[in-house]
Amino acid sequence: MLRKITRIFRKDKAVEIVDGEVDIKALREKAENYYKNRDFYCSEAVLKTLKDAFDAPYGDDIVKLASGFPVGMGNGCTCGAVNGGVMAIGMFFGRGKAGGTEVKKSMELTKELQLEFTKKRKVCCCKVLTKGMELGSKSHINHCVEITGELTEMTAKILARELGYKEKK
């Protein structure tokens, strides 16, 4: 009970872009902490962190869109963190009107993200990434915290580059 009460009163400090520089490491830590503290699952943590940091023109309700993607959409398919990164890219580069050509940029950046992730992890499938782990176990949570951070970092680098920000050194 105390832990739940503590969460309610914990201040959620945003990671801000200062002088055109993005602190990618801080964004990674922010997303990892969201997952570690059980505030959000993978897809939600990635999307919330990047929405806030890059000042997307959406309220927190958009995070609800990511709530069906954790645990590979509930059945082990595509990693929820990957989906969170894809949604974050779409927030800035997706199309909002029928026939909009922005979709090309969104798909190009999504492909880049997916290729980078699979280069490192070999697959995007949650079932494979968590094979042999008991859902909700300490090892499972720690593994997914790490992947959530990785995807936030990878996506933040793409967004920073494409939106004209520098990475803080």
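A disulfide is taken here as a pair of cysteine sulfur atoms within 2.5 Å. The structure is a predicted model, in which local features need pLDDT of at least 70 and side-chain atom pairs count only at pLDDT 80 or more, whereas totals for chains, interfaces and linings use all residues. Residues are numbered from 1 along each chain as its sequence is written, and side-chain values use heavy atoms, with hydrogens and water left out.

Under this criterion, zero disulfides are counted. The sulfur of C42 has its closest cysteine sulfur in C79, at 5.5 Å, which is too far for a bond; C77 likewise is in no disulfide, the nearest cysteine sulfur, that of C125, being 6.6 Å away. With buried defined as under 20% relative accessible area, exposed as over 50% and partly exposed as in between (1.4 Å probe, protein chains only), C42 is buried at 9%, while C77 is partly exposed at 35%.

R121 belongs to helix α6, residues 102-121, where helices are DSSP runs of H or I of at least four residues, numbered from the N terminus. The residue counts as buried, at 17% relative accessibility. Not counting residues up to four places away in sequence, R121 is in contact (heavy atoms within 4.5 Å) with L129, H143, E146, I147 and E150. Between R121 and I147, which are 26 residues apart in sequence, the C-alpha to C-alpha distance is 9.3 Å.

Definitions and conventions. Helices (H or I, at least four residues) and strands (E, at least two) are DSSP runs, numbered from the N terminus.
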